[in-house]
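Please look over the sequence and the three-dimensional picture below before reading on. The notes that follow are meant to be read with both in view.

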Amino acid sequence: IKKITTETLRKMKFDKEKITMLTAYDFTTAKMVDAGGVDSILIGDSAANVMAGFETTLPITLDQMIYHTQCVVRGVERALVVADLPFGTYQSNPEKALESAVRMMKEGGAHAVKIEGGKEIEESIRRIINAGIPVCGHLGLTPQSIYQFGTYKVRAKEDAEAEKLIADCKLLEELGCFAIVLEKIPAALAKRASESISIPTIGIGAGPDCDGQVLVYQDMVGMNQGFSPKFLRRYLDLYSEITGAVSQYVKDVKSADFPNEKESY
Ligand code: KIV
Ligand code: NA
């Protein structure tokens with residue numbers, strides 16, 4: 001199996017081949033997602049929501065993200081494994097940022113890290129990349145800043161924020177980031193951003209002209225019934241499938257139908 005690298009993604013943009021990314025937080029899911037052929041697997045700090053049930057991504061710790069990453073890495077043969085650095089582990093100073101990124105690579109086994117922000121975290125990005133660690137940027141709706149935004153609505157609809165986003169894209173490219181996630185911004189702005197840099201953009205709620213797309217696995221297989229933003233395409237209705245299977249199991253046990261003779265020793 002030919003492993004996907006950050007260079008592969010760069011070349012895919014050059015060749016106009018779309019890049020695919022999905023999240024995974026555990027071994028079993030990572031195996032299926034890798035077998036399905038995605039180019040990159042993201043251990044998102046959305047694990048705070050999806051795995052732990054928190055309202056925001058803020059509470060998840062670096063130790064917890066490292067654990068999720070270790071689990072995913074054991075299940076992956078082909079995809080590029082990118083891990084989010086969680087809130088508070090890279091914003092304060094470049095030394096701490098590097099220390100966090102090193103732990104994620106060394107203990108977690110990630111192939112790259114992703115961090116949220118542009119100009120504000122320039123020195124942290126520089127420091128991490130100088131240590132030989134590939135960095136994926138993340139601009140637009142950056143959920144670690146939710147208390148500053150106040151809502152999860154579309155970002156950069158106003159000119160000032162849109163121009164800052166374009167400037168941040170160029171800065172991240174200049175700093176040596178290998179890709180940038182663009183979350184929940186107008187499609188036209190994402191198109192402009194993608195055309196203004198030579199590193200790939202990976203969109204979520206950012207329209208069809210990004211160089212790649214990313215979704216949260218549990219959302220795209222329909223496990224989260226309560227979450228249905230416009231940008232989400234559901235490929236399965238696993239919530240119904242699984243609750244259905246569970247209720248059938250409950251019936252079968254209650255009625256002493258399970259286990260039967262063939263299922264017994
Ligand atoms: O944490 C996450 O799942 C993410 C993706 C939505 C890009 O950052
Ligand atoms: Na994230």
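The points below go from the overall layout to the ligand and then to single residues.

This is a predicted model, and its protein chain is divided into domain 1, which covers residues 6-221, and domain 2, which covers residues 235-265. Between the C-alpha centres of these two domains there is a distance of 38 Å.

**Surroundings of ligand 1**

- The residues that surround ligand 1 are Thr23, Leu42, Gly44, Asp45, Ser46, Asp84, Val181, Glu183, Ile204, Val214 and Val216.
- When this shell is sorted by class, ligand 1 has 5 nonpolar, 3 polar and 3 charged residues around it.

**Positions annotated in UniProt**

- In an unreviewed entry, UniProt gives the annotation "binding site" to Asp45, Asp84 and Glu116. Although these positions are spread over 72 residues of sequence, they cluster in space, with a largest C-alpha distance of 10.9 Å.
- A "binding site" listing in UniProt, also from an unreviewed entry, names Asp45, Ser46, Asp84 and Lys114. These residues are spread over 70 residues of sequence and yet cluster in space, the largest C-alpha distance being 12.4 Å.

**Asp84**

- Asp84 belongs to strand S3, which is made up of residues 80-84, and it is one of the residues that surround ligand 1.
- Asp84 counts as buried because it has 30 C-beta neighbours inside 10 Å, where 20 or more are needed for that label.
- If neighbours within four places in sequence are left aside, Asp84 is in contact with Ile43, Gly44, Asp45, Met65 and Lys114.

**Lys114**

- Lys114 has its place in strand S4, and it counts as buried because 24 other C-beta atoms lie within 10 Å.
- Leaving aside neighbours within four places in sequence, Lys114 is in contact with Leu42, Val82, Ala83, Asp84, Cys136, His138 and Val181. Among these contacts of Lys114 is Asp84, which UniProt lists together with Lys114 under "binding site" in an unreviewed entry.

**Glu116**

- Glu116 is found in the loop between strand S4 (112-114) and helix H6 (122-130).
- With 25 other C-beta atoms within 10 Å, Glu116 is buried, although its place is in a loop.
- Not counting residues up to four places away in sequence, Glu116 touches His138, Thr142 and Gln144.

**Ile197**

- Ile197 lies in the loop that runs between helix H9 (187-196) and strand S7 (201-204).
- Is Ile197 buried or exposed? Ile197 counts as buried, because it has 20 C-beta neighbours inside 10 Å and the label asks for 20 or more.
- Once neighbours within four places in sequence are left aside, Ile197 is in contact with Cys169, Lys170 and Glu173.
- Ile197 and Lys230 are 33 residues apart in sequence, and from C-alpha to C-alpha they are 27 Å apart in space.

Definitions and conventions
Residues numbered from 1 in each chain as written. Chains lettered and ligands numbered in written order. Predicted model: local features only at pLDDT ≥ 70, side-chain atom pairs only at ≥ 80, totals over all residues. Domains from an automatic or database assignment. Near = placed C-beta within 6 Å. Nonpolar A, V, L, I, M, F, W, Y, C, P; charged D, E, K, R; others polar. UniProt positions renumbered as here; feature names shortened; annotations may be inferred. Helix = DSSP H or I, 4+ residues; strand = E, 2+ residues; numbered from the N terminus. Buried ≥ 20, exposed ≤ 12 C-beta atoms within 10 Å, placed from the backbone. Contact = placed C-beta atoms within 7 Å.
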